[in-house]
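Dear colleague,

Here is the structure I promised to pass on to you. Please look through it alongside the notes that follow it.

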Amino acid sequence: MPPRRFAAGTAFAAVAVARAVLAFALGLAFWAAVPAVVGWMPTSVMSASMSPAIEVGDVVVAMPVGPEDLVPGRVLLAVDPDRPDRLRLHRLESVRADGMLVTRGDANPAADSTPVSPEAVSGVGVLRVPWVGLPSVWARTGNVVPLAVTAVVLLGCLAVGTRRGRDDDENAGEDADTPDDPGRPGEAGVPGDDNPRPTRRRDLRLAAVAVVPALLLSPAPAWASWSAGTAASGTVVARQMIPPAVVDCVDDSSGPIIVWRQDGPAVAEFAILVDGVEVARGIPGNARAASIPRDRFFFPFERSTVTVRAYLSSRWTADANGSVRIGGGFLGLGWPVCR
C-alpha cells in the first residue's frame, strides 16, 4: 500500500473512532440529563452500597411517585435522615406499621439504622445510566488523575473527530477542490457555493463541546453511605464469616439449581439473590444447593446474575465470592435456564 494511501486510511480510522467515542459520550449524557426536563431527578451514585445492581459513578434517574407506589423492592431516592444535606439511594426493604420506610443498600449486611419518612422520598429509580457520573465522583472526592485523563481524552476526540475526514471529501463530490480550481469557494475573488461541509463540522463541534460540561457537571450526588450500625456489622462479618462460593448451575424440571460450597463456621440460613435482590430465603444452613423460584418471566436471551448470601444470624451476612448466570430459554415459555 502506498504510504500516502496508508496515511489517509489511518487518518480516516482515527476520525471515525473519535466520532464514535463522542457519540457514545453524548448518548450517555443525553439519557442522564434529559429526564430532568419532565421533572424526573437524575443523581450521581457516590458509594458502592447498592452494588452490584448500581455501581459508583452510575447516574440513576428517579421518577416522582405517590405513597401507594412505595412498595418493598423498589429503589428509593430520599433525603438521608442521618445527614439532611445528603441524599440516600437505597432499596425499600419494608414499611413499618407507623408508615416509616425501612431501607437497605443491596451490599449492606443489615437495614439502615434510621428509617425514612415517605415525605422525604424524591422518587423511585426507573433508569440507570452507567459511568456518566464518574467525573462528578472524581471531582467531589479529589481524584484528579482520572478526571484529567478523561478530559484530555474527550478533548482529543473533539479535536480529531471534528477534522475533515475522507467521508467529508466523498460527500462533497464535485465541490471538492481540484488542481485546476482558482481557489476555495468563498475566498476573495472566488464565487461562493452552498457547501454543507463547514456547517456539518460546525454542528459536530458544537455538539461535541457539550460533552465535557455535561459529564463534568453531572447531577446531584446520592451518597447512600453506610450508617454507623451497618458499618460496625460489616467489620464483624469480615472477621467471623467465610462467604460461600457458588460453584455451579444445573438445569432441572423445577428450575435452575444453584450449587455452592460453604467453609468455616456453620451458618443459620442461606438466601438466593438474582441481580442483587433476594428471591428466596430461609434455606437451611446445612444446604448446599437450592432452586430458583419460577415466579418471574424471563424473555428469550435475557441474562441475570445469581449469587448466594449466607446468614450467620439475622444481622450478620456474607455474600458469595462468585456467581452464575441464568436467562430465558428460547422455547422455555419464560422459565429461567442456566447460562
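A residue is called buried when its relative accessible area is under 20%, exposed when that area is over 50%, and partly exposed in between. Please bear in mind throughout that this is a predicted model.

With that cut-off, Trp-260 counts as buried, because its relative accessibility is 3%, and Phe-270 is likewise buried, at 0%.

On the aromatic side, the count comes to 2 pairs. One is formed by Phe-24 and Trp-131, whose rings are tilted, with 6.1 Å from centre to centre and 50° between the planes. This pair links distant parts of the chain, since Phe-24 belongs to helix α1 (residues 3-33) while Trp-131 sits in the loop between β6 (121-129) and α2 (134-141), 107 residues apart. Phe-24 is partly exposed at 48% relative accessibility, whereas Trp-131 is exposed at 52%. The rings of Trp-260 and Phe-270 also make a tilted pair, their centres being 5.1 Å apart and their planes at 55°; Trp-260 lies in strand β9 (residues 257-261) and Phe-270 in strand β10 (residues 269-274), so this pair ties together parts that are 10 residues apart in sequence.

As for the largest pocket, about 290 Å³ of space lies in it. Its lining consists of 19 residues, and Arg-91, Glu-93, Arg-104, Glu-278 and Arg-309 are those nearest the centre. By class, the lining has 7 nonpolar, 5 polar and 7 charged residues, and β4 (87-95), β11 (277-284) and β13 (304-311) each contribute at least two residues to it.

Finally, Arg-281 lies over the face of Tyr-311, 3.7 Å from the ring centre.

Best regards

Notes. Residues numbered from 1 in each chain as written. Predicted model: local features only at pLDDT ≥ 70, side-chain atom pairs only at ≥ 80, totals over all residues. Heavy atoms only, no water. 1 Å grid on protein atoms, 1.4 Å probe; cavity = no way out; pocket = protein on both sides within 12 Å on 5 of 7 lines; lining within 4 Å. Points joined across faces, edges and corners; volume = space filled by probe spheres on them. Helix = DSSP H or I, 4+ residues; strand = E, 2+ residues; numbered from the N terminus. Nonpolar A, V, L, I, M, F, W, Y, C, P; charged D, E, K, R; others polar. Phe/Tyr/Trp six-rings, centres within 6.5 Å; stacked < 30°, edge-to-face > 60°. Buried < 20%, exposed > 50% of the residue type's maximum accessible area, 1.4 Å probe, protein only. Lys NZ or Arg CZ within 6 Å of the ring centre and 35° of its normal.
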